[in-house]
Amino acid sequence: MTAPLRNNDPITVEVALAGRAYDIVIGRGLLASLGERVAALRPGARAAIVTDETVAEYHLRAAETSLNEAGITTSRVLVAAGEASKSYPVFERVCEELIAARIERNDLVVALGGGVIGDLSGFVASAVRRGLDFVQVPTTLLAQVDSSVGGKTGINSRLGKNLIGAFHQPILVVADTALLDTLPVRIMRAGYAEVAKYGLIGDADFFAWLENNWRDVFAGGPAREHAIAVSCRMKAQIVARDERETGDRALLNLGHTFGHALEAAAGFSDRLYHGEAISIGMALAFAFSARRGLCSQADSERVVRHLSAVGLPTRISDIPGEKPGAEWLLDLIAQDKKVRRGRLTFILAHGIGQSFIAPDVDVADVREFLTDQLR
């Protein structure tokens with residue numbers, strides 16, 4: 001594990017897709033350079049900024065100023081903050097507002113916000129006029145390390161999370177780490193679950209580094225940029241190998257099969273944020289792996305110990321309010337995008353940094369495991 005950088009230079013990570021490569025630029029204070037970067041890529045374009053009401057209060061004016069000073073005319077589309085905006089009605093409204101603003105095919109969409117805004121805006125950009133360019137300006141830790149990179153866009157169905165959408169890559173990701181300074185600690189913790197995920201998938205040294213340095217990641221400075229850059233490099237490498245998740249890109253879903261089911265059971269509400277659901281899901285994935293003799297109980301306990309130290313939930317019982325039953329969760333898991341002809345696929349682990357794709361997992365084993373967990 002390399003040491004964090006000790007200077008203020010932005011870090012650039014390339015997503016190397018043939019003919020559609022783009023950069024993730026990571027550093028403090030980068031929002032001011034947004035207009036210059038966009039103008040260099042798409043001179044003469046106009047931009048529609050899609051954001052939510054909370055982010056708009058903090059960052060919309062700065063984004064508009066940067067774009068306007070670079071000669072880019074802007075319009076704005078505001079939606080309500082929260083997972084409920086990843087819905088058919090909001091998707092329709094944003095599409096119509098872009099068309100009304102006369103955003104044309106040589107113009108672009110700027111997604112200014114967290115994962116909800118990025119997913120929604122990217123899906124809108126994939127559909128309006130049969131495809132617009134878009135730029136991701138992620139404003140949460142979760143979005144900076146995960147959802148802004150890789151081109152997965154979409155909205156939720158009442159039957160499950162992210163079941164309607166498209167693969168549509170951005171042309172640029174600008175990850176200004178200073179924007180994270182305004183986040184509530186609960187939102188930072190939720191994003192950190194996705195950072196820890198990268199260590200658990202395939203980098204045991206990074207996970208060990210996080211165990212020793214997570215407080216500095218939260219505090220800001222070089223450790224934060226380093227953690228985001230390591231996460232983005234790993235995701236960029238996986239996406240370049242498997243853009244449409246026909247192979248090992250599924251590894252990025254560690255904890256998500258359980259986690260998405262828990263989110264749906266909680267009504268996609270603030271009872272359980274996405275990263276919190278993934279934290280519980282990763283703990284469950286390691287516990288299930290240990291139960292099946294795939295990894296040691298010690299590794300499973302180490303995962304729970306670290307996530308708990310950060311302040312993240314690790315058990316279904318940590319979710320406030322009504323708890324889902326095993327059959328309810330199994331029904332939701334059956335809607336997971338990794339299901340193939342009714343057969344369950346999970347991301348399990350041989351140990352920390354040794355995750356793998358496990359197809360054809362027996363439903364009866366999952367039912368018994370969930371029943372025990374719910375006790």
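Buried area is the accessible area, taken with a 1.4 Å probe, that two parts lose on being put together, summed over both. On this definition, about 850 Å² is buried between domain 1 and domain 2, and carbon and sulfur atoms give 67% of that area. The model is predicted: local features need pLDDT of at least 70, side-chain atom pairs count only at pLDDT 80 or more, and totals for chains, interfaces and linings use all residues. Residues are numbered from 1 along each chain as its sequence is written, and side-chain values use heavy atoms, with hydrogens and water left out.

**Domains and their interface**

- The domain assignment gives domain 1 (11-176) and domain 2 (200-219 + 254-374); such bounds come from an automatic or database domain assignment.
- A distance of 29 Å separates the C-alpha centres of domain 1 and domain 2.
- Contact (heavy atoms within 4.5 Å) links nine residues of domain 1 with eight residues of domain 2.
- On the domain 1 side, Leu159, Lys161 and Leu163 lose the most area to domain 2, together 49% of what that side buries.
- One salt bridge is found across the interface of domain 1 and domain 2, the term meaning a side-chain nitrogen of Lys or Arg within 4 Å of a carboxyl oxygen of Asp or Glu.

**Cavities**

- On a 1 Å grid over the protein atoms alone, a cavity is a set of points where a 1.4 Å probe fits but cannot get out, and lining residues have an atom within 4 Å of a point.
- Grid points are joined across faces, edges and corners, and a volume is the space filled by probe spheres set on the points.
- The structure contains three cavities of 30 Å³ or more, and the largest cavity has a volume of about 100 Å³.
- Thirteen residues line the largest cavity, with Gly160, Lys161, His260, Leu332 and Asp336 nearest its centre.
- At least two lining residues of the largest cavity come from each of β8 (160-167), α9 (256-265) and α12 (326-333), and α9 gives the most, with four residues.
- Helices (H or I, at least four residues) and strands (E, at least two) are DSSP runs, numbered from the N terminus.
- Domain 1 and domain 2 each supply at least three residues of the lining of the largest cavity.

**Second largest pocket**

- A pocket is an open set of points with protein on both sides within 12 Å along at least five of seven lines.
- The second largest pocket has a volume of about 210 Å³; among its 14 lining residues, Arg20, Asp133, Gln169, Pro170 and Ile171 are the closest to its centre.

**Salt bridges**

- The whole structure has 24 salt bridges.
- Arginine 28 pairs with aspartate 181 in a salt bridge, with 2.5 Å between the closest N and O atoms.
- Arginine 28 lies in the loop between β2 (22-27) and α1 (34-41), and aspartate 181 in the loop between β9 (172-176) and α6 (185-202), so the pair ties together parts that are 153 residues apart in sequence.
- Lysine 161 and glutamate 263 also form a salt bridge through their side chains (3.3 Å, N to O).

**Backbone**

- Most residues other than glycine have a negative phi.
- Asparagine 162, which is not a glycine, has a positive phi of about 60 degrees and is found in strand β8.
- Glutamate 245 has a positive phi near 55 degrees and is placed in the loop between α8 (222-241) and α9.
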